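Hello,

Here is the structure we talked about. Please look through it first; my notes follow below.

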Amino acid sequence: METAFTPLQSLAGGVLIGLSAVLLMGLMGRIMGATGVLAGFIAPAGLSDWTWRAVLLAGMVSGPAVVLLVTGQWPEVQVPMPRTMLIIGGFIVGLGVTFGGGCTSGHGVCGMARLSPRSIVATLTFMATTGITVFVVRHMLGL
Amino acid sequence: MKLVLLYLIGLIFGVGIAISGMANPAKVLNFFDVAGTWDPSLAFVMGGAVVVTFVGYRIVFRHSAPRFASSFQLPTRRDLDVPLLGGSALFGIGWGIAGFCPGGALPALGTGQMDVVVFVAALIAGIVVAKMLGKIGRRAAS
C-alpha cells in the first residue's frame, strides 16, 4: 500500500512529540516513554503513581479526536495486515520493550536526546531489526 | 492544576503522534520498506522530536528539580547488556510484523478502531508475560 510523503506534517508531529517530552520532564521529572507509562499504569506503585499515568494516557487517547475537531478528518490509521499479525506482533513488541527497557519514544526520542549510550544502541538495534523484518515479511514471504 | 497540565501534555503527544503518521501502520512499514513502497516521512518525526527534546532538556536541566516533583527520574545505567540488545531486537521484529509501536498505538486507541484495541491487548499481554519471566529469572539467579 502506497502512502503519501508528508515531510511538513510529520515534522510538525515530531516537534509536538518533543514538546510533550520536554514538558513532562520539566513538570514531573519523567521520561516520556510509552512503554514505561503503560507498564506503570498496568502495575502501579500506588494510587498517585497510577493517577498521573492514567491522566497522561487519557490525554494521549484524546489526540485523534482533537485532530478530527481541527481538521474535520480522523487521522489515518491504515492496517494492511491480518489481525493474526497484529496479535503476534503486539505480543512480541510487549516482550521486547519490557526486556529492552523502552521503545521508540523512551529510547528513540528521550534517550537519544540525552545522548544515552544504551538508548542509542537500543534505537539502532530495533530500527535494524524492524527493517529486516519488513524486508522478510514483504519481499521474501510476500505477505 | 498538575492533572490538567498532565492531560494537556498527553494531548500534545497524542496530537503529535496522530498527525506525524506514527499511528498509521501502513506509513510506518513503508518507512522501513526501502526496497518497495518507501515513504521517508517518519525520518522527519524522529528528527523533529529528537532536536526539540535535546534543546528542551538542556533548558529543563538548568533547574535543580521539576516543577511538581522532588527530582528528575533519569536512568543512570550506561552499560550495554543482553536484555537491552535482545529486547530491542525483539521489539523491532514485532514492530515490523504489526506496524504499531507502543507510542503510536496508545493515541491511535482514540480512533476506536478494533485493530488498535487488538494490538494494545496483545502488547499488554506481552508486557505482563515479560515481567513474570523477569521475576522468575531474578529468583533463579538469587
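**Around A:Asp49**

The side chain of A:Asp49 makes a polar contact with the backbone nitrogen of A:Ala45, at 2.9 Å. (A polar contact is a pair of N or O atoms within 3.5 Å; within protein, one must be able to donate a hydrogen and the other to accept it, and residues adjacent in sequence count only if both atoms are side-chain atoms.)

Some ground rules. This is a predicted model: local features need pLDDT of at least 70, side-chain atom pairs count only at pLDDT 80 or more, and totals for chains, interfaces and linings use all residues. Residues are numbered from 1 along each chain as its sequence is written, chains are lettered from A and ligands numbered from 1 in the order in which they are written, and side-chain values use heavy atoms, with hydrogens and water left out.

Back to A:Asp49. The residue lies in helix H3 (residues 47-71) of chain A. (Helices are DSSP runs of H or I with at least four residues, strands are runs of E with at least two, and both are numbered from the N terminus.) A:Asp49 is buried, at 12% relative accessible area. (Buried means under 20% relative accessible area, exposed over 50%, partly exposed in between, with a 1.4 Å probe and protein chains only.) Leaving out residues up to four places away in sequence, A:Asp49 touches A:Arg30, A:Gly40 and A:Pro44. (Contact means heavy atoms within 4.5 Å.)

**Salt bridges**

How many salt bridges does the structure hold over all chains? There are 8. (A salt bridge is a side-chain nitrogen of Lys or Arg within 4 Å of a carboxyl oxygen of Asp or Glu.) Side chains of opposite charge can pair when their charged atoms come close.

- A:Arg53 bridges to A:Asp49, with the closest N and O atoms 3.2 Å apart. The two are 4 residues apart in helix H3 of chain A, so about one helical turn separates them.
- B:Asp81 and A:Arg118 meet at 3.3 Å, N to O. This pair crosses between chains, from the loop between H3 and H4 of chain B to helix H6 of chain A. A:Arg118 is buried, at 13% relative accessible area.
- B:Asp39 and B:Lys27 meet at 2.7 Å, N to O. B:Asp39 is in the loop between helix H2 (25-32) and H3 of chain B and B:Lys27 is in helix H2, so the bridge ties together parts 12 residues apart in sequence. B:Asp39 and B:Lys27 are buried.

Salt bridges also link A:Arg118, B:Arg77, B:Asp79 and B:Asp81 into a network.

**Aromatic rings**

The whole structure has 10 aromatic pairs over all chains. (Rings of Phe, Tyr and Trp, the last by its six-membered ring, pair if their centres lie within 6.5 Å; planes under 30 degrees apart count as stacked, over 60 as edge-to-face and the rest as tilted.)

A:Phe126 and B:Trp95 have ring centres 6.1 Å apart and planes at 70°, so they sit edge-to-face. That pair runs between chains, from helix H6 (residues 117-140) of chain A to helix H4 (residues 82-98) of chain B. A:Phe126 and B:Trp95 are buried.

B:Phe61 and B:Phe72 are also edge-to-face, 5.0 Å centre to centre with 90° between the planes. B:Phe61 is partly exposed at 31% relative accessibility. B:Phe72 is buried at 19%.

Ring pairs join A:Phe126, B:Phe31, B:Phe32, B:Phe91 and B:Trp95 in a cluster.

The charged end of B:Arg58 sits over the ring of B:Phe54, 3.8 Å from its centre. The charged end of B:Arg67 sits over the ring of B:Phe68, at 5.1 Å. (The test is NZ of Lys or CZ of Arg within 6 Å of the ring centre and within 35 degrees of the ring normal.)

**Two buried positions in chain A**

A:Ser10 is in helix H1 (residues 7-28) of chain A. Its relative accessible area is 0%, so A:Ser10 is buried. Residues up to four places away aside, A:Ser10 touches chain B residues including B:Lys27 and B:Phe44.

A:Val97 is in helix H4 (residues 83-100) of chain A. A:Val97 is buried, at 1% relative accessibility. Beyond its neighbours within four places in sequence, A:Val97 has contacts that include A:Thr35, B:Gly87 and B:Phe91.

Best wishes
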